Amino acid sequence: MFSRFLTSALFAGAVAGLIAGLLQLAFVQPVLLHAELYESGQLLHFGADPNSTQPVLPGFNAVRDGLSLIFTMLTYTGYALILLALMSFAEDRGASIDGRTGLIWGIAGFVTFHLAPGFTLAPEVPGVAAADVGARQVWWFATVAAAGIALWLIAFTHNWLLWALSVVFLAAPHIIGAPEPESFSGIVPPELAALFAARTLGVGMAAWVLLGCFAGFFWQREAAHD
Amino acid sequence: MTSLNHAQIQSNSPSRVRLLTALFGAVLGLALITLTGHVQASALHSAAHDVRHATGFPCH
C-alpha cells in the first residue's frame, strides 16, 4: 500500500513537474526576465525614450533554470502527495480513480492551488508592489484550504446545506480580501504584469490537469503490483 | 489473549493503513510545498525565486 502510494506520487509529480517546468521556461520565464529589466532599472517605463517590446533577454542559464526545473518538480511532487492522499481517501469511500477521472481531480487541484488564491492575490511579476509576504502567505494557505474543502463538499456530499457552505468557503477569502500594499509603486509595465499572470495560470492549469491524469493512471497501474 | 489478538488485527487493518498512508502523504506533500514555495530562508528563496513567481506563490 505504502509503496503503491509513494511510487505513484513520485512518478506523477516528477513527470507533471518536469512538463510544468519546461512550460514555465518556455512561456513564463521570458516575461519574468523582461520584467526584471524594469525591476533592476535597466529599462525605465515612461522614461525619455519609449522601450521596445522585444528587448534582448538573457538566454538559458544552466544553474538558474536548472534549479527552477528541480524546484518545480519538487513542488508538483508535493501536490501529487496531497492529491493521491485525497484520491485514496475518496476511493475508500467508493470513488473511482483512474487516468480519466484524474483529469477532473487535476482541474479541482488547479482551482484550489492556483485559481482560488490567484483570483484576489494575482500571480506577481517581479517588481510589483505587494503587502508583507508573511501576511500574504497566511492568506494564501487559508484560501487554498477553504477552496479545497469547498470543492470536496461539492463533489462528495449530497446536502444543500453543505453545498451552500462550500459557496461561503469559496467566496469568503475574496470578500474579506487579501493583504494589499499601502500604495501602488509597481515599475513594470501593466502589459507585462497581465501577460505574466495569464501565462502563470495557463501553465498551472495545463500542469495540474496532467498531474491529475498521471496520478490516477499510476495509482491504477501500481495497484497491479501491490 | 483473544482480545489482544483482536486489537492487533484491528490496528493493522487495511483501511487504517490506507488512512495513515494518506495522512503521512498529505503532511509530506504540505511540507514539500512549504519548503519550495514559502520558506523565506535566503538560499531557498534565491534558488526557488523564479518558480515561486511562476507558480503564483507570494514571493517577496
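Student: Among the elements of chain B, which helix has the lowest mean pLDDT?

Tutor: Good place to start, since this is a predicted model. Chain B averages a pLDDT of 84, and 80% of its residues score at least 70. Among its elements, α3(B) has the highest mean, 93. Where pLDDT is low, the predicted coordinates should not be read in detail. The lowest mean, 50, belongs to residues 2–11 of chain B, helix α1.

Student: Which element gives the largest share of the side of chain B that touches chain A?

Tutor: Let's look at the interface step by step. Across it, the rule finds 8 residue pairs in polar contact, with both residues at pLDDT 80 or more. On the chain B side, the elements that give two or more residues are α2 (14–37) and α3 (42–55). The largest share is 16 residues, and it comes from α2(B).

Student: How much area is buried between chain B and chain A?

Tutor: Contact here joins 32 residues of chain B with 42 residues of chain A. Carbon and sulfur atoms give 69% of the buried area. The total buried between the two chains is about 3200 Å².

Student: Which residue of chain A forms a salt bridge with B:R18?

Tutor: Side chains of opposite charge can pair when their charged atoms come close. Across the interface of chain B and chain A, the rule finds 3 salt bridges. In the one with B:R18, the closest N and O atoms are 2.5 Å apart, and the partner is A:D92.

Student: Why does the pair A:R64 and A:E36 tie together parts of chain A that are apart in sequence?

Tutor: A search of the whole structure finds 6 salt bridges over all chains. One of them joins A:R64 and A:E36, with the closest N and O atoms 3.1 Å apart. A:R64 lies in helix α2 and A:E36 in helix α1 (residues 2–39), so the parts tied together are apart in sequence by 28 residues.

Student: How far apart are the end C-alpha atoms of helix α2 of chain A?

Tutor: Helix α2 covers residues 62–92 of chain A, which makes 31 residues. At 1.5 Å a residue, the helix should therefore span 45 Å. The model agrees with this, as the end C-alpha atoms are apart by 44 Å.

Student: Which residue caps the N-terminal end of α2(A)?

Tutor: Look at the backbone nitrogen of A:V63, which has a side-chain oxygen 3.0 Å away. The oxygen by A:V63 belongs to the capping residue, A:N61.

Note on methods
Residues are numbered from 1 along each chain as its sequence is written. Chains are lettered from A and ligands numbered from 1 in the order in which they are written. Side-chain values use heavy atoms; hydrogens and water are left out. Helices (H or I, at least four residues) and strands (E, at least two) are DSSP runs, numbered from the N terminus. The expected span of a helix is 1.5 Å times one less than its number of residues. A polar contact is a pair of N or O atoms within 3.5 Å; within protein, one must be able to donate a hydrogen and the other to accept it, and residues adjacent in sequence count only if both atoms are side-chain atoms. Contact means heavy atoms within 4.5 Å. Buried area is the accessible area (1.4 Å probe) that two parts lose on being put together, summed over both. A salt bridge is a side-chain nitrogen of Lys or Arg within 4 Å of a carboxyl oxygen of Asp or Glu. pLDDT is the predictor's confidence in each residue, from 0 to 100.
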